[in-house]
Amino acid sequence: MITEESTVVVTGATSGIGLETARELAGMTRRLIVQGPESAAEVDGVVRDLDGRKATVVYVPCDFMRLADVVEGARAMVAAADGQVDALINNAGVPGSPARRLTTDGHERTLQVNLLAMVLLTEQLLPALTRGSRVVNLASATHRMTRLDLADLELEHGYDPVRAYARSKLAIILYTRWLAARVAPRRILPVCLSPGVISTSLLHAMFGTGGASLRHGARNVLAALTDEAQGGDYFDDGQLVAPSPEASDAALGQALMDSVFDALRPFLAVPVTE
């Protein structure tokens, strides 16, 4: 339940759907913690605009291209939240690169930014999430276009930018459903959504022009944050629907998370809370 006293974290909040969502939340909550890859100086005007609303706004610069940055960002978020986060909106994401590209951590860029960094941040923030909090993960209807090959999760063979993006979003749904079962005893509610076909730079980079307004996308994010739901539910353009059969495969989700946690193990060993 989001109230006027809530503390909310929004990633990817310096542009697009994330920024529009942050604008809405800045008028509804007590404290808003926003993340982006830019330096504080580069987004000073954006942050000042948000801070001029109801919420106290804290900007945490954090580059998801570097997993060590994610650990430091999580530490800063927990400190800014005084150790209590009431909602986490994992909005940050990138389109597939035109050609396969590796991060300095050695992972395929789309997979790291869209999935690995999101999982790492969420795992680091879990101790700070309050009972009854909600985690909202942005997925995509493109998850229905692909299948997950765990033997080639990093797409060393047959790389394609749309495939890389769609597979990362399929993995996000699998993670959301896996996480829901794990945190149910704490009454933390993870859900995921496709915000719709929204006119963003990401959409235009991969699929051309068009799309609904950013406000439409933000309203769908807020609906996933506040509407009645069960852990692991998937919303598509504001409607609660079933994801693809592969996205609902619990055994595949467990196998995926075994691989993801193997990749993240060195970073998960670094605690960000006491």
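Guide: Contact here means heavy atoms within 4.5 Å, and the model we are reading with that cut-off is a predicted one.

Visitor: With which residues is phenylalanine 64 in contact, once its neighbours within four places in sequence are left aside?

Guide: Phenylalanine 64 is then in contact with Thr11, Gln35, Val70, Ala92, Gln112, Val113, Ala117 and Leu121. Phe64 also belongs to the largest nonpolar core, which has 56 residues, and is listed with Leu115, Val119, Leu256, Met257 and Val260 as having the most contacts inside that core.

Visitor: Which elements give two or more residues to this core?

Guide: They are α3 (67–80), β4 (85–90), α4 (109–125), β5, α5 (161–183) and α8 (250–268), and of these α4 gives the most, with 10 residues. There is also a second, separate core of 30 residues, and among its members are Val57, Leu193, Ala229 and Phe235.

Visitor: Leucine 193 lies in strand β6; why is β6 said to be largely enclosed by the rest of the structure?

Guide: The general idea is that in a regular strand the side chains alternate between the two faces of the sheet. In this case six of the six residues of β6 (residues 189–194) are buried, so the strand is largely enclosed by the rest of the structure. Leu189, Val191 and Leu193 are buried on one side, and Pro190, Cys192 and Ser194 are buried on the other, which leaves both faces covered.

Visitor: Which strands pair with β6?

Guide: Strand β5 (residues 129–138) runs parallel to β6 and is joined to it by five bridges, with leucine 138 standing opposite leucine 193. Strand β7 (residues 234–236) also pairs with β6 in the parallel sense, over three bridges, and here tyrosine 234 of β7 stands opposite cysteine 192.

Key:
Residues are numbered from 1 along each chain as its sequence is written. This is a predicted model: local features need pLDDT of at least 70, side-chain atom pairs count only at pLDDT 80 or more; totals for chains, interfaces and linings use all residues. Side-chain values use heavy atoms; hydrogens and water are left out. Buried means under 20% relative accessible area, exposed over 50%, partly exposed in between (1.4 Å probe, protein chains only). Helices (H or I, at least four residues) and strands (E, at least two) are DSSP runs, numbered from the N terminus. Two strands pair if DSSP finds at least two bridges between them. A nonpolar core is a set of buried Ala, Val, Leu, Ile, Met, Phe, Trp, Tyr and Cys residues joined through side-chain atoms within 4.5 Å.
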